[in-house]
Amino acid sequence: PEGTQITVEDVFYNVPARSKFLKSESYELGRITSLCTHFALAFPGIHFVVKSGDFEILSAPPATGYRDRIFQVFGQDLLAELVEHQKDCGPGLKIHLFTSRPHVQKYNRNSMFFFVNRRAVRDKIILHAYNEADRGILPSGTFPVTMLFVEARPKDVDVNVHPAKTEVRFRQGSLIHDAIR
């Protein structure tokens, strides 16, 4: 509900058996920051702050939409290099895409963010469609900066494919593929 504040501190202070499975502090902080970045992008109306000690890593006050949130998280320089595209693909399917111009390239997929109904996902259909669309534009082994937001009817998306809920199955996978491509 509005006004709710969640603070997470010393998660494993009384469960030392779990803490032995943690990696270095910097690695775990990077994973937490990545997760919070995904949530901040998916929910622009919610205020996100990530701190470590006295250092503020992420500060994203409520934004009016995806464009404003991308500006808050990644800054004006990256936002200026993104092309925005929105598409209504029929009943219950909308796509909102921000993708970098061809001269902005990354050497891994860490800057590719895919969301289905505000859930961060790694989906083979989405990735394949995106790779097909980029074929011949980007050199092999390079990737664009991408934020793709897909809104589909809940009955058309199965989120119970993977225990971590990071994979989805679409009722009409070819429709999704073609719409994204």
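How many bridges join β3 to β4? In this predicted model, seven bridges join the two strands, which run antiparallel. The report below places this pair within the chain.

## The chain as a whole

The chain holds six helices and nine strands. Its C-alpha atoms fill a box of roughly 50 × 40 × 35 Å along the principal axes. Of its 181 residues, 34% count as buried. Among contacts between residues at least 6 apart in sequence, 56% join residues at least 24 apart.

The accessible surface of the chain comes to about 11900 Å², and carbon and sulfur atoms account for 52% of this area. The chain carries 23 positive and 20 negative charges, whose mean positions lie 7 Å apart.

Strands of a sheet pair through backbone hydrogen bonds, in either a parallel or an antiparallel manner. In this model, five strands form an open sheet with mixed pairing, in the order β3-β4-β7-β5-β6. Its edges are β3 (82-88) and β6 (119-121), each of which pairs on one side only. On average, neighbouring strands of the sheet are turned by 20 degrees against each other, with direction ignored.

## The hairpin of β3 and β4

Strands β3 and β4 form a hairpin with four residues between them. What is the bridge partner of Asp88 in β4? The partner is Lys94. In the turn, Gly90 has a positive phi of about 115 degrees.

## The hairpin of β1 and β2

A further hairpin is built from β1 and β2, with two residues between the strands. Strand β1 covers residues 48-52 and strand β2 covers residues 55-60; the two pair in the antiparallel sense over five bridges. Ser52 has Phe55 in β2 as its bridge partner.

Which residue of this hairpin takes a positive phi near 65 degrees? That residue is Gly53.

Terms used:
Residues numbered from 1 in each chain as written. Predicted model: local features only at pLDDT ≥ 70, side-chain atom pairs only at ≥ 80, totals over all residues. Heavy atoms only, no water. Buried < 20%, exposed > 50% of the residue type's maximum accessible area, 1.4 Å probe, protein only. Contact = heavy atoms within 4.5 Å. Areas by Shrake-Rupley, 256 points an atom, 1.4 Å probe, with all protein chains shown as cover. Lys, Arg positive; Asp, Glu negative; His and termini not counted. Charge placed at Lys NZ, Arg CZ, Asp CG, Glu CD. Pairing = 2+ DSSP bridges. Axes fitted to C-alpha atoms, helices over the stretch in contact; angles between N-to-C directions.
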